[in-house]
Amino acid sequence: MRVAGFTMLTRICIIVLGVVLSACAVSYYLSYYIQADQFYGREEYEYAIQYYLRAIGEDDTKAEAYHGLAMSYYQLGDMEGALLAFEKALEKDSLYTSAYEHLASIYLDMGRADTAIALCRKAIQTDSEYVRSYITLGNALFESGAAGAVKTLWRAIKLAKMLQGVWVGSDYWRSLNYGQAEAYNALGRIYSAQGLHNYALEAFESAVTLSPFWATPWMNKGKEYETLGKYLAAEVAYHRAIDISPKNADAYKKLARLYRKLNKDNDAIDMFREAIGIDPTDTESYLGLAEVYEVKNNYDRAIEAYNGVIQNAPDYPQGFLRAGMAHNKKRSYDRALELLNEALRLDAEYAEAHNAVGELCDAKGMYEQADTAFRQAIQCDSAFARPLKNLGALCLKQGREDEAAKYYRRAAALGDPTAQAFLRARGLDWK
């Protein structure tokens, strides 16, 4: 009996030990998952990923862990990792509405609007009251050019308002408020694209009212004011976006372009420099800065800015073209030619670069080479007026007046004012 009793006691201990170990495994999962969520809430996404992976290592059946992992990858810009993790979440739970919607958002960012539409419709099938699915679907329909985008976004707004009446005062109520703001912002984009700028402005104003500390609709408001010629209001809106999000380089760039339009070149320079300070790899800001310096005839500073473009985008031919043209204006012909040839190495069909080589050769008195370069530019782009006008001027310089008139006529027909003035002064028609 003692042996039998010992055997029974041993069996009981083994069973209890198994239960305890099983409980410990569950508690490890929960511990890791909770820590991962805490890191995610603090925007420490690398640590969140580590702990979501640990949770998954403890229990591979939980869809929410894969969803959290996917969101962390998404926040870090790792779209491939996010896609795989969202798909894993759906593999564990085929009714996970949020995973469908977030997958749709990623595919929309990748330019695959049709895939996004299908995923949003799947999300709506699993939960017809998930507001974000309608917002993403509206954006996807708009991007694809399909009908129903406006109707879908209004559906999102009405649904959010209805649900807010149920969830008054809760975190979900606040989420629904932000959802409405997103829907209005999306509506504004559609109205703007349709040329309905006053409607767009109303939509962006609704988004701002619902979510006053979201910079995007403020920037969109600024753009609409600018389109309507209300430049002071546009400036205020852009500044508000910067106040809300001082690390938002796009807001500085939009304000810089407005200042350029208003001939406030020094203010534009300051804004482009702010944008570059936030993102030193932003070639658009370097190009904008260089163009302002060129307007001010400060070619040394312009070349510095173009060098920023070349450094950050060594495969971008326009950077080399613009830098070469700036050196040409400084009469640094050898360096200009090096840069222009590099632009042509990157794109042999770059009509602007061929034309710039022609202008450089013309300035140096190398007329045969200039003639060849202008003709190459015309061959690359027959609708590009400038090399036609340049070739006409070169022919005129060499006494080839009939040939000059032919090229001037082609340039004038394309709208070149210099060619038109030349022909008009000689009583010649180009129409």
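Y130, V131, R132, Y172, S175, L176, Y178 and G179 line the second largest pocket of this predicted model. The volume of the second largest pocket is about 270 Å³, while the largest pocket holds about 650 Å³ of space. The protein as a whole contains 23 helices and 0 strands.

**Overall form**

- The radius of gyration of the protein is 31 Å, whereas the globule rule gives 22 Å for 431 residues; the protein is therefore more spread out than a compact globule.
- Taken along the principal axes, the C-alpha atoms fill a box of roughly 125 × 50 × 40 Å.
- Buried residues make up 46% of the 431 residues of the protein.
- Among contacts with a separation of 6 or more, 45% are between residues 24 or more positions apart.

**The second largest pocket**

- Helices α7 and α9 each contribute at least two residues to the lining of the second largest pocket.
- The greatest contribution to this lining comes from α9, with 5 residues.
- By class, the lining of the second largest pocket consists of 5 nonpolar, 2 polar and 1 charged residues.

**The largest pocket**

- The largest pocket is lined by 23 residues, of which Y74, S105, R132, Y178 and E182 are the closest to its centre.
- At least two lining residues of the largest pocket come from each of α3 (63-75), α5 (97-109), α7 (131-144) and α9 (171-193).
- Helix α5 gives the most to the lining of the largest pocket, namely 6 residues.
- The lining of the largest pocket divides into 8 nonpolar, 9 polar and 6 charged residues.

- S133 is placed in helix α7. Its relative accessibility is 0%, and S133 therefore counts as buried, the cut-off being under 20%.
- Apart from neighbours within four places in sequence, S133 is in contact with T97, E101, C120, A123 and I124.
- Between S133 and N248 there are 115 residues of separation in sequence and 27 Å in space, C-alpha to C-alpha.
- Q420 is found in helix α23, which covers residues 417-425. With a relative accessibility of 18%, Q420 also counts as buried, because the cut-off is under 20%.
- The side chain of Q420 reaches the backbone oxygen of A412 at 3.0 Å. When neighbours within four places in sequence are set aside, the contacts of Q420 are with A412, G415 and W430.

**Two exposed loop residues with positive phi**

- E43 belongs to the loop between α1 (2-41) and α2 (45-58). Phi of E43 is near 65°, a positive value in a residue other than glycine.
- The relative accessibility of E43 is 57%, and E43 therefore counts as exposed, the cut-off being over 50%.
- N297 sits in the loop between α15 (283-295) and α16 (299-312). The phi value of N297 is near 60°, again positive in a residue other than glycine.
- With a relative accessible area of 54%, N297 is exposed.

Note on methods
Residues numbered from 1 in each chain as written. Predicted model: local features only at pLDDT ≥ 70, side-chain atom pairs only at ≥ 80, totals over all residues. Heavy atoms only, no water. 1 Å grid on protein atoms, 1.4 Å probe; cavity = no way out; pocket = protein on both sides within 12 Å on 5 of 7 lines; lining within 4 Å. Points joined across faces, edges and corners; volume = space filled by probe spheres on them. Helix = DSSP H or I, 4+ residues; strand = E, 2+ residues; numbered from the N terminus. Nonpolar A, V, L, I, M, F, W, Y, C, P; charged D, E, K, R; others polar. Buried < 20%, exposed > 50% of the residue type's maximum accessible area, 1.4 Å probe, protein only. Polar contact = N/O pair within 3.5 Å; in protein donor to acceptor, adjacent residues only side chain to side chain. Contact = heavy atoms within 4.5 Å. Rg over C-alpha atoms; globule rule 2.2 N^0.38 Å.
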